[in-house]
Amino acid sequence: MEPKPAAPGPCPGDFRVAEAAAAAAAASSLNPAEARAEPGRRAPSVAAVLPAGGSGERMGVPTPKQFCPILERPLISYTLQALERVCWIKDIVVAVTGENMEAMKGIIQKYKHQRISLVEAGVTRHRSIFNGLRALAEDQPNSKLSKPEVVIIHDAVRPFVEEDVLLKVVTAAKEHGCSDYDLEFGTECLQLALKYGHVNAKLVEGSPDLWKVTYKRDLYAAESIIKERTSQHICIIMDTKEDENHVGHHLEEILKNELNHVEVTSGALCPAGRDLKQIILEQCYNYVCVNVMSSDFEETQRLLNMLEESNLSIFYPVVVISVYFLDYKSVHFDQKVENLMQIREYAKEVRKRNILLCGLLIYYPQDEQKLQASLREGATIITTLIKERNSGLVGQLLIA
Ligand SMILES: Nc1ccn([C@@H]2O[C@H](COP(=O)(O)OP(=O)(O)OP(=O)(O)O)[C@@H](O)[C@H]2O)c(=O)n1
Ligand SMILES: O=C(CO)[C@H](O)[C@H](O)COP(=O)(O)O
């Protein structure tokens, strides 16, 4: 399964501490396993410099690529999120041009990025990096930055960096000498380090996801990766556990079968399912609220309140699909649809907080085969809404 999108916030305890201990091991050239056995060992101070002062000529759009939106959030915010979730990176210094300084401050504020300092970019990438390094090296009286032992240089336009590769870089920075091979096949940064910093260097294998957003097509690729990652977990909330034969349960079964590569959790606002708060904490970005008993928005509203309180949608759009049922025999089709059209108002409200709410009415015949076909159509609509995260469909009542 794909890794979860980077999570915001503080490091959640033991795992990160162990990783920091491994970083400490790297600093002192110890085996990481040894450092884990010695939790008291001092971790090296690590900072990161993000060059973000380019104009993105090859992208061919007026906005520098680091500020181009992906699912309505600037690309650089994804990169910052990926770095700030690594708790052993103490400071993140971002180099931006004077003209983009205010926009950058706005991004930091809006997405609550932490441990970020800004410096003025230079006319070349190397000069931007140099400015970032200088801010970390100098002991300026009013600076909250302190001189780190290891600095990670990471392009602001490489949003998918994982903690393990950063750890490998920090380890290599401390452990390895420079080989002719690295100099021959490394990037020019290695040569710079050797020539001007008089420090050795080692080339570390990264993952294919570490690629750089350079051309317009790369923005589409990045968006697809993010959509795929946020679709990996779906929570189905049923307003009843009774009546096992209700079509609502059949829909749940069909969804589980169709989405066999996706984690499908049955959450509940009632005690029968997994604790919804926990599921939200685990960063599930997709909720299917199956209303078997009711034809109002009470359950959906409760879920929306919990999502809003959690701030989950600050980084990624959260998809909520509220599902209702009506059989062909019912004479209340118009009335039911009219009631459900209220979804537009709810959707408009929560859209402001990056929650994409849609309604789905499954209008089903009694005939078993046709019923299965209606349910499969409903399941297809649900999976499409989740995979596409299309804000254009927000507030729509779809009928299967
Ligand atoms: N004067 C510069 C030029 C580039 N960069 C940064 O260096 C990274 C990698 O560079 P590149 O992909 O070449 O970005 P651009 O220079 O913006 O792109 P282009 O070459 O297409 O103009 C980007 O995060 C970019 O913002 C920088 O900080 N300062
Ligand atoms: O990683 C880098 C240097 O270590 C840079 O991102 C890279 O050199 C820029 O490459 P290009 O101009 O070919 O897109």
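The structure is a predicted model, in which local features need pLDDT of at least 70, side-chain atom pairs count only at pLDDT 80 or more, and totals for chains, interfaces and linings use all residues. Residues are numbered from 1 along each chain as its sequence is written, while chains are lettered from A and ligands numbered from 1 in the order in which they are written.

The protein contains 15 helices and 13 strands (DSSP runs of H or I with at least four residues, and of E with at least two, numbered from the N terminus). Of its 400 residues, 36% are buried, that is, 20 or more other C-beta atoms, placed from the backbone, lie within 10 Å of the residue's own. Among contacts (C-beta atoms within 7 Å) with a separation of 6 or more, 71% join residues 24 or more positions apart.

The domain assignment, which is automatic or taken from a database, gives domain 1 (14–226) and domain 2 (233–399). Their contact takes 4 residues from domain 1 and 5 residues from domain 2. On the domain 1 side, the touching residues are 2 nonpolar, 1 polar and 1 charged (nonpolar: Ala, Val, Leu, Ile, Met, Phe, Trp, Tyr, Cys and Pro; charged: Asp, Glu, Lys and Arg; polar: the others, Gly among them).

An open sheet of 4 strands has the order E5-E4-E1-E6, with parallel pairing; strands pair if DSSP finds at least two bridges between them. Strand E5 (116–120) and strand E6 (150–153) are at the edges with a single partner strand each, so one side of each lacks a neighbour in the sheet. Neighbouring strands are turned by 25° against each other on average, direction ignored. Strand E1 (residues 46–51) pairs with strand E4 (residues 89–96) over 6 bridges, and Pro51 stands opposite Ala95 in E4. Helix H3 (residues 75–84) packs on this sheet and touches E1, E4 and E5. The direction of H3 makes about 160° with that of E4, where axes are lines fitted to C-alpha atoms, for helices over the stretch in contact, and angles run from 0 to 180 degrees between N-to-C directions.

Residues up to four places away in sequence aside, Ile321 touches Val288, Cys289, Cys358, Leu360, Ile382 and Leu385.

Conventions
Two residues are in contact if their C-beta atoms, placed from the backbone, lie within 7 Å. A residue is buried if 20 or more other C-beta atoms lie within 10 Å of its own, exposed if 12 or fewer, and partly exposed in between; C-beta atoms are placed from the backbone.
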